[in-house]
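Visitor: I would like to go through this protein with you. Could we begin with the overall layout and then turn to particular residues?

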Amino acid sequence: MEFYVDVQTLHDTNMTVIKDEKNQPVYILIGRRGIANDGFFLHTISGNELGEIRQRTVSVNPRFDLLIGGEKVASIKKMFGVWREFIFVSDLNWMVIGNMLANQYHIYHGMKTVTTIASVGTASETILKLDIANPRDVVPGLLVAALLDRWRQANLANPLVRHDVGISYGL
């Protein structure tokens, strides 16, 4: 099953409609921003809540809990590798391997691919395409993808990154 998420709309309005491969709306994703209250809620088009991902700790690498039907099913914490980012989704035993700059990820359960996530369609790379094989992985897969994009945006907008401001020191 393929799903398309307009992450630019999610950043701008904290809400977006997720569409399927037939361009039909199937889910509503709502984001919440804050220092200690980052998170996302996934709803059906009719408004029933399916799941949420909520920040639990405040740190350089915060921990998030994934809840489906009000029950905690996993915790997520980011770990950095040499060339790629590694994220482990505990309890579901998912390993996310990807590249934040390219906005491309693969989610594995053992050697089996659960989900692939990639930017598609636009020059600004604001549409994410998720290919999810198993219907039971749709809700957690969509929520994890939203969190990965949030981390990507935070990384791109990091105020501690040195930017060239065009100042010359005569060297």
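Guide: From the N terminus on, the elements run β-α-β-β-β-β-β-β-β-β-β-β-β-α. Please keep in mind that this is a predicted model.

Visitor: How many helices and strands does the protein have?

Guide: There are two helices and twelve strands.

Visitor: And what share of the residues counts as buried?

Guide: Of the 171 residues of the protein, 39% are counted as buried. As for contacts, among those between residues at least 6 apart in sequence, 29% join residues at least 24 apart.

Visitor: Let us turn to aromatics. How many aromatic pairs does the structure hold?

Guide: The structure holds one aromatic pair. The ring centres of Phe-3 and Tyr-27 are 5.9 Å apart and the planes stand at 50 degrees, so the pair is tilted.

Visitor: Why is 50 degrees called tilted?

Guide: Planes under 30 degrees apart count as stacked and those over 60 as edge-to-face, with the rest counted as tilted. The 50 degrees between Phe-3 and Tyr-27 therefore make a tilted pair.

Visitor: Which parts of the chain does the pair tie together?

Guide: Phe-3 belongs to strand S1 (residues 2-6) and Tyr-27 to strand S3 (residues 25-32), so the pair ties together parts that are 24 residues apart in sequence.

Visitor: Are Phe-3 and Tyr-27 buried or exposed?

Guide: Phe-3 is buried, and Tyr-27 is buried as well.

Visitor: What does the side chain of His-11 make a polar contact with?

Guide: The partner is the side chain of Asp-149, at 2.6 Å. Leaving aside residues up to four places away in sequence, His-11 touches Arg-33, Asp-149 and Gln-153.

Visitor: Arg-33 comes up there. Which residue's C-alpha atom is 9.9 Å from that of Arg-33?

Guide: That is Gln-55, which lies 22 residues from Arg-33 along the chain. Gln-55 is placed in strand S5 (residues 49-55) and counts as buried at 8% relative accessibility.

Visitor: What does the side chain of Gln-55 reach?

Guide: The side chain of Gln-55 reaches the backbone oxygen of Thr-57, at 2.9 Å.

Visitor: On to backbone angles. What is phi of Asn-23?

Guide: Phi of Asn-23 is near 65 degrees, which is a positive value in a residue other than glycine. Asn-23 is in the loop between strand S2 (15-20) and S3, and is exposed with a relative accessible area of 51%. Asn-93 also has a positive phi, near 55 degrees. Asn-93 is placed in the loop between strand S8 (85-89) and strand S9 (94-99).

Visitor: How does Asn-93 count for accessibility?

Guide: At 44% relative accessibility, Asn-93 counts as partly exposed.

Visitor: One last topic, pockets. What is the volume of the second largest pocket?

Guide: The volume of the second largest pocket is about 250 Å³.

Visitor: Which residues line the second largest pocket?

Guide: The lining includes Ile-68, Leu-92, Trp-94, His-109, Asn-134, Arg-136, Asp-137 and Pro-140. Lys-112, Thr-113 and Val-114 are also among the lining residues. Strand S11 (residues 112-120) gives the most to this lining, with three residues.

Visitor: And by class, what does the lining have?

Guide: The lining of the second largest pocket has six nonpolar, three polar and three charged residues.

Notes: Residues numbered from 1 in each chain as written. Predicted model: local features only at pLDDT ≥ 70, side-chain atom pairs only at ≥ 80, totals over all residues. Heavy atoms only, no water. 1 Å grid on protein atoms, 1.4 Å probe; cavity = no way out; pocket = protein on both sides within 12 Å on 5 of 7 lines; lining within 4 Å. Points joined across faces, edges and corners; volume = space filled by probe spheres on them. Helix = DSSP H or I, 4+ residues; strand = E, 2+ residues; numbered from the N terminus. Nonpolar A, V, L, I, M, F, W, Y, C, P; charged D, E, K, R; others polar. Phe/Tyr/Trp six-rings, centres within 6.5 Å; stacked < 30°, edge-to-face > 60°. Buried < 20%, exposed > 50% of the residue type's maximum accessible area, 1.4 Å probe, protein only. Polar contact = N/O pair within 3.5 Å; in protein donor to acceptor, adjacent residues only side chain to side chain. Contact = heavy atoms within 4.5 Å.
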